[in-house]
Amino acid sequence: MKVVTFGEIMLRLKTPENLRIMQSDGFEASYGGAEANVAVSLAMYEDKCAFVSKVPNNPVGMSALND
């Protein structure tokens, strides 16, 4: 069985060490989203799956593809 999920990748920006946004010089980035998480979970069980989305052709989009 093959599962294909469709959706957007979400980018979460978090300050290190629970600082407030105005106190921080940088952010930690993590990617997720319900559809992407389902595809990753199925892949962890070695199910055949795919995730379909569209990302911008820039460093942020490429980072989402590489993580």
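Student: Where in the chain is Ser63 placed, and is Ser63 buried or exposed, or something in between?

Tutor: Ser63 has its place in helix α2, which covers residues 59–66. Helices here are DSSP runs of H or I with at least four residues, strands are runs of E with at least two, and both are numbered from the N terminus. The model is a predicted one, in which local features need pLDDT of at least 70 and side-chain atom pairs count only at pLDDT 80 or more, while totals for chains, interfaces and linings use all residues. Residues are numbered from 1 along each chain as its sequence is written, and side-chain values use heavy atoms, with hydrogens and water left out.

Ser63 counts as partly exposed because its relative accessibility is 28%; buried means under 20% relative accessible area, exposed means over 50%, and partly exposed lies in between (1.4 Å probe, protein chains only). The C-alpha atom of Ser63 is 9.9 Å from that of Ser30, although 33 residues separate the two along the chain.

The wider setting is as follows. The protein chain contains two helices and four strands, and from the N terminus on their order is β-β-β-α-β-α. The radius of gyration is 15 Å, well over the 11 Å that the globule rule gives for 67 residues, so the chain is more spread out than a compact globule. That radius is taken over C-alpha atoms, and the rule is 2.2 Å times the number of residues to the power 0.38. The C-alpha trace spans about 50 × 25 × 15 Å along its principal axes. Buried residues make up 13% of the 67 residues. Of the contacts (heavy atoms within 4.5 Å) between residues at least 6 apart in sequence, 50% join residues at least 24 apart.

Finally, the count of salt bridges comes to one, where a salt bridge is a side-chain nitrogen of Lys or Arg within 4 Å of a carboxyl oxygen of Asp or Glu. The partners are the side chains of Lys14 and Glu28, at 3.7 Å from N to O. This pair links distant parts of the chain, 14 residues apart: Lys14 belongs to strand β2 (residues 10–14) and Glu28 to strand β3 (residues 28–32). Lys14 is partly exposed, since its relative accessible area is 28%, and Glu28 is also partly exposed, at 40% relative accessibility.
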